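Trainee: Could you walk me through this structure and show me how to read its features?

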Amino acid sequence: MILVIAEHRSGKLNRASWEAVAAAQRLAASQPVAIAVLGSNVGAVATELAAARVQEVVTLDDPGLEPYTPDGFTAALQQAIDQLKPDLLMLPHTYQTRDFAPKLAARLDRALITDVVGFKLESRGAGAGPLFVRPMFQGKLTADVAPEGPAPHLVTVQIGSFRADQATKGSVAAPIRALTITVDAAAVRQKPEAPFQEARQAVDLSQAERIVSVGRGIKEADKLPIARGLAEALHAELAASRPICDAGWLPMERQVGSSGQTVAPKLYLALGISGAIQHLVGMKGSQTIVAINKDADAPIFEVADYGIVGDLFEIVPAMIDALKQT
Amino acid sequence: MKIAVCIKQVQSRDSQPRLDEARTWVREQDAAFEMNEPDAYALEEALRLKEKHGGEVVVCSAGPARVAQVLREALARGADRAIHVQSDAFAGADAFVVAGALAGAMKDEAFDLVLTGLQSDDQGFGQTGVVLAERLGLPHATIIMDVQVGPGLVRVKRDLEAGWFQWVAMPLPAILTIQSGINQLRYATLKGIMAAKKKEIRTSAPAAAVAPKQRIVALYAPEKSKKTQLISGSPAEAAKELVRKLREEARVI
């Protein structure tokens, strides 16, 4: 059985949960799939998930699971795994999963394969499980990875690798069952406060029609006007990959990627961005992607519709000139 | 306060990794190595905490002999001493193997706080810090953007994705994985480099071997998800052709 761990915040389901369900259904073939949801009073989320074509939805409902803590989730999931004996756990590769899944895997002493973008069944012999495909070296290489040791293995599914709308729905709602678990609140060491957003974001990149985005290839803050000039010529918003915002060259609100904004403009023009997975998940839904990068092996070219391998400091001014001539 | 920082040495970001003959790992002979960048932010945060609260910063790494280079660099930036669990088997090891080796070398040190980067630039498991927390029996928090140390406890700001954050408090000792960009990195001064030569790097063999939990069956160049039209020519020609295609073919400008 494949057990999908759904994620929600205060009853609002994270869309990545449906992507993990879609991945599990694709991988399962004839194996049953079940979904687990953790929290306090999770009935409404469980009902929403029961629309999926799965064997059952199980709830791990305890006041000690709201708000989320890695200690609470690990204790609860350990009990659920003991009862359900799944062969495989699939989790959306969110920051919350990244916080507790390695702890759970270490507690169980089982393999955890993170950042999975696909799987392969065909190349393995009878009795062997699937190979899991994941990026390595900042996306410059891809690996097929086999988990070692006994089941259950844990797998986190990278955001955007499977489509939420491809999760199959059942003709009738799946049964919902409450598991008997207990969370000792006194044993939970983390004391979380309420989540908050930093000063209201002045720039909503998700609404931009065109985005010019800069990465490490811009080299220094003094070179930013080159990118800004191109953005102006294209009537585009200026954005950046994480390292540029880390360095303080552009404000954090202009960051595209897993810790920043997710965008899907008509045109996304990436200047000197290598294309680490954390950046790609934030922009690969763009309609037309252009990459300008001196490194022909940069992973950004895997998602680009148009590419120029070359020096952005020569190409960008030439583009601005070309845009001026109609 | 006694602070440990776990550091990984990784292949340089600027170099294209070359596959080895078995196509299950990369050629190390012609690779350039550097300090894993997220770990550099963890080191910087530890040095700032020491400046504020006093104490000691100890850098720890599990890896082959070459790892001494990044430990020396960390000492030059201001760390006080280093622990190196040395084995060639750690070159491409998984997070369980590395965390197991580190736990063995760190368990008797009684650190108040352990910091490491949120993930590595090579294999990018994003697991080592959290697995280490479980192995040492310590509470943890991940992807941290601010660290406030109080008596017997630490209050940290977690990055929750998409511009959301959350403060979490927990008792010390604890383990934190640090988000890149939490601070501005310092570089080693000449004085620091000279001082580092006199600082201790304690090298030991791993106490007990930990069985790997995953195996790379094949390593290869990524498959393209899109057919990219590569535009060649001089910068001026390529730029002109790109603008034409964006106007007439893609119709996005």
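Trainee: To start with confidence, what is the mean pLDDT of chain B?

Mentor: pLDDT is the predictor's confidence in each residue, on a scale from 0 to 100. For chain B the mean is 94, and 100% of its residues reach 70 or more. The model also scores ipTM 0.92 and pTM 0.88. This is a predicted model, in which local features need pLDDT of at least 70 and side-chain atom pairs count only at pLDDT 80 or more, while totals for chains, interfaces and linings use all residues. As for names, residues are numbered from 1 along each chain as its sequence is written, and chains are lettered from A and ligands numbered from 1 in the order in which they are written.

Trainee: Then the interface: how many residues of chain B are in contact with chain A?

Mentor: Two residues are in contact if their C-beta atoms, placed from the backbone, lie within 7 Å. Here 66 residues of chain B are in contact with 71 residues of chain A. Several elements of chain B each supply at least two residues to that side, among them α4 (128-136), β7 (140-150) and α6 (235-248). The largest share, 9 residues, comes from α6(B). Those labels are DSSP runs numbered from the N terminus: helices are H or I with at least four residues, strands are E with at least two.

Trainee: And by class, what residues does the side of chain B that touches chain A have?

Mentor: Ala, Val, Leu, Ile, Met, Phe, Trp, Tyr, Cys and Pro count as nonpolar, Asp, Glu, Lys and Arg as charged, and the others, Gly among them, as polar. On that side of chain B there are 37 nonpolar, 16 polar and 13 charged residues.

Trainee: Now sheets. In what order do the strands of the sheet that includes β12(B) come?

Mentor: Two strands pair if DSSP finds at least two bridges between them. This open sheet has 4 strands in the order β8(A)-β9(A)-β10(A)-β12(B), with antiparallel pairing. The edge strands, β8(A) and β12(B), each pair on one side only. From one strand to the next, the twist averages 35 degrees; such angles run from 0 to 180 degrees between N-to-C directions, with axes as lines fitted to C-alpha atoms, for helices over the stretch in contact. Inside the sheet, β9(A) and β10(A) pair over 5 bridges, and Met136(A) has Leu141(A) as its bridge partner.

Trainee: Which strands make up the sheet with parallel pairing?

Mentor: That one is open too, with 6 strands in the order β16(A)-β15(A)-β17(A)-β18(A)-β19(A)-β13(B). Its edge strands are β16(A) and β13(B). Packed on this sheet is α6(B), which touches β17, β18 and β19 of chain A and makes about 175 degrees with the direction of β19(A). Between β18(A) and β19(A) there are 4 bridges, and Asn293(A) has Val309(A) as its bridge partner.

Trainee: Which strand of chain A pairs with β9(B)?

Mentor: β13(A), residues 191-192, pairs with β9(B) in the antiparallel sense over 2 bridges. There, Pro192(A) is partnered by Val168(B).

Trainee: Is Lys219(A) buried or exposed?

Mentor: A residue is buried if 20 or more other C-beta atoms lie within 10 Å of its own, exposed if 12 or fewer, and partly exposed in between, with C-beta atoms placed from the backbone. Lys219(A) is exposed because it has 11 other C-beta atoms within 10 Å. Asp109(A) has 13 such neighbours, so it counts as partly exposed.

Trainee: Last one: how many residues of α3(B) are buried?

Mentor: 11 of its 12 residues are buried, so to speak mostly covered. Among them are Phe96(B), Leu102(B) and Met106(B). The buried residues of α3(B) pack against β1, β4, β5, α4 and β11 of chain B.
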